[in-house]
Amino acid sequence: MDKQVSLDALCTQKAGSATLATLFQQQPDRGEHCRVEAPHLQLDYSKQRVTDESLQALEQLAESADLPGKRARLFAGEVVNPTENRAAWHTALRVPAEKQTDSQCCVEEQLQRMSVLVEQIQSGVWRGFSGKRIRDVVNLGVGGSDLGPLMVTHALREHARLEARSLQVHFASTIDGSQLFDLLDHLNPETTLFIVSSKSFTTIDTLSNARTVRSWLRSFCDDDALILRCHFVGVSAAKQKMDDWGIPSENQLYFWEWVGGRFSLWSTIGLPIALALGMPVFRRLLAGAHAMDEHFRTAPLLQNLPVMLALLGIWNVNGLDIRAHAILPYDGRLKYFPSYLEQLEMESNGKSVSVEGEPLNHATCPVLWGEIGANAQHAFYQLLHQGTQSVASDFILAARRYENAEHYAHYDELMAQHTLNIANCLAQSRVLAFGNEAVEPSDNPFRHYPGNQPSSTLLLDRLEPESLGALVAAYEHKVFTQAVIWNINPFDQWGVELGKQVALQLQPMLEPGNAAGRERLDSSTRALATTINDLRVPSTQDKEPSSCV
């Protein structure tokens with residue numbers, strides 16, 4: 001079966017698609033029937049607008065795209081990123097040491113190096129330039145070197161081991177220096193360690209922050225070698241670049257070109273996670289992801305949780321023409337999970353060219369956004385319930401919480417709040433699916449809720465390292481599966497490169513005396529640059545007309 005013909009066939013089914021209310025009437029046990037279980041995670045897709053027939057068509061679509069064969073190549077570490085001639089072997093980062101092949105043993109070697117470094121910092125063996133122990137750690141990274149570690153450390157901070165609680169771990173990613181400005185005003189230079197995380201070790205955002213920090217430290221200590229030895233750790237795939245910057249070899253951790261940035265939290269990029277939570281917690285995170293890897297690798301397609309997530313997304317985008325996807329975790333600990341998925345999915349599958357380099361004539365990745373569900377109810381749920389466009393949603397919920405908090409005086413209140421949170425999650429997905437029929441019909445046009453908005457619910461037993469690892473890995477494999485079906489490369493990101501190049505070309509033109517350089521720009525950019533320059537450095541010698549001509 002040809003891939004493109006199959007996608008076209010999906011699109012023709014839109015008009016005949018049954019409503020969710022009708023599907024539940026036709027299949028009273030749909031809630032029990034439309035369910036997939038995987039390690040640490042369950043998927044309820046009963047509120048998706050799919051039938052057994054459409055699922056069979058989607059399964060054939062995946063098979064015709066050779067998902068099983070391409071999945072095998074992914075796990076074998078073969079080249080699956082053709083534009084950069086690289087593997088995408090992030091699954092190897094999660095293989096337990098006793099199962100690693102000879103070609104994977106480098107992973108455990110780096111984890112052991114990271115473990116030693118973590119123990120030195122947490123125990124107080126590692127000291128700052130004045131001999132005081134490290135109390136604060138700041139991760140300098142951006143994109144995958146920031147979003148993944150930030151998301152995990154926030155989600156699992158209540159699991160932090162005792163030895164990790166003496167450290168405060170912070171994150172700074174913005175190129176404007178605003179995060180650093182706030183941090184450096186409060187941090188003690190004698191007791192602060194900085195992690196410079198960059199795969200290429202050329203990332204402008206990260207190195208700009210690192211240079212600012214280095215200058216800050218020099219104002220307290222004039223021994224540059226001592227500063228580098230005591231206050232910097234580098235994490236990169238570019239050892240020579242770290243050497244050139246001055247980071248000592250013993251302060252360097254490595255990963256490999258076959259680790260994509262947005263898939264890198266499982267590597268030594270996860271150093272902030274291990275420092276904030278403890279190395280055993282990081283190992284548990286890896287174990288949960290590996291369990292999901294094995295499920296994705298071996299489970300039949302329609303009983304495979306990541307594959308089902310992917311097929312449902314294909315159906316919504318290409319079958320039902322739904323181009324927006326909301327990520328709605330009903331758990332405050334998953335505050336940064338929507339942002340993490342925005343990069344994972346849109347940077348991976350926001351493509352309009354096939355792996356052969358030909359323009360696509362079918363839609364690919366939808367626009368993702370999200371928020372903690374209980375907060376989003378007071379923000380953008382109005383659009384979900386009564387807006388003019390369809391939106392698919394993923395609800396994410398932990399069934400159990402606070403079981404270990406019996407000793408708190410307010411334990412009963414916490415349990416009541418968790419029950420209320422669960423009720424809100426289930427109520428919202430119910431109203432999105434059935435509208436007024438979930439409660440009672442209404443003739444009032446202002447109180448009419450049409451329903452029929454598709455959603456999935458991902459249910460965790462509890463949020464812990466293993467279940468979070470499984471959840472993240474499930475979405476990674478969803479992205480890969482959709483890329484196979486859409487016939488795109490999910491492992492490059494050329495779309496983010498051109499803007500960086502133009503920024504470097506534009507930067508000198510913003511200097512006060514470079515009005516002539518700005519003449520080469522388009523009128524909009526030139527006018528903005530001139531106005532900004534005039535506001536920053538008022539001058540009567542470098543004026544240009546700012547009105548439209």
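**Note on the model**

1. Four salt bridges are counted between domain 1 and domain 2; a salt bridge is taken as a side-chain nitrogen of Lys or Arg within 4 Å of a carboxyl oxygen of Asp or Glu. The model is predicted: local features need pLDDT of at least 70 and side-chain atom pairs count only at pLDDT 80 or more, whereas totals for chains, interfaces and linings use all residues. Residues are numbered from 1 along each chain as its sequence is written, and side-chain values use heavy atoms, with hydrogens and water left out.

2. The chain divides into domain 1 (7–14 + 22–76 + 299–402 + 411–490), domain 2 (90–282) and domain 3 (500–535), with bounds that come from an automatic or database domain assignment. To the contact, domain 1 contributes 25 residues and domain 2 contributes 20 residues, contact meaning heavy atoms within 4.5 Å. The C-alpha centres of domain 1 and domain 2 are 33 Å apart.

3. About 2000 Å² is buried between domain 1 and domain 2, with 64% of it on carbon and sulfur atoms. Buried area here is the accessible area (1.4 Å probe) that two parts lose on being put together, summed over both.

4. Across the structure there are 23 salt bridges. In one of them, the side chains of Glu158 and Arg333 meet with an N to O distance of 3.0 Å. This pair links distant parts of the chain: Glu158 sits in the loop between α7 and β6 (168–172), and Arg333 in the loop between β10 and α15, 175 residues apart. Helices (H or I, at least four residues) and strands (E, at least two) are DSSP runs, numbered from the N terminus.

5. The largest pocket contains about 820 Å³ of space. On a 1 Å grid over the protein atoms alone, a pocket is an open set of points with protein on both sides within 12 Å along at least five of seven lines, a cavity is a set where a 1.4 Å probe fits but cannot get out, and lining residues have an atom within 4 Å of a point. Grid points are joined across faces, edges and corners, and a volume is the space filled by probe spheres set on the points.

6. Which residues lie nearest the centre of the largest pocket? They are Ser200, Thr203, Gln493, Glu497 and Lys500, out of 36 lining residues. Domain 2 and domain 3 each provide at least three residues of this lining. The elements that each supply at least two residues are β4 (86–87), α7 (144–155), α9 (204–218), α15 (337–349) and α20 (497–506), and α20 gives the most, with four residues.

7. The lining of the largest pocket comprises 10 nonpolar, 16 polar and 10 charged residues. Ala, Val, Leu, Ile, Met, Phe, Trp, Tyr, Cys and Pro count as nonpolar, Asp, Glu, Lys and Arg as charged, and the others, Gly among them, as polar.

8. Three cavities of 30 Å³ or more are present. The largest has about 70 Å³ of space, and its lining includes Gln48, Leu309, His325, Asp394 and Ser456. At least two lining residues come from each of α14 (305–319) and β12 (392–398), with α14 giving the most, four residues. By class, the lining has three nonpolar, six polar and two charged residues.

9. The second largest cavity has a volume of about 60 Å³. Among its lining residues are Val317, Ile322, Glu345, Pro366 and Gln482. Here α14, β10 (324–329) and α19 (465–486) each supply at least two residues, and the largest share, three residues, comes from α14. This lining has five nonpolar, four polar and two charged residues.
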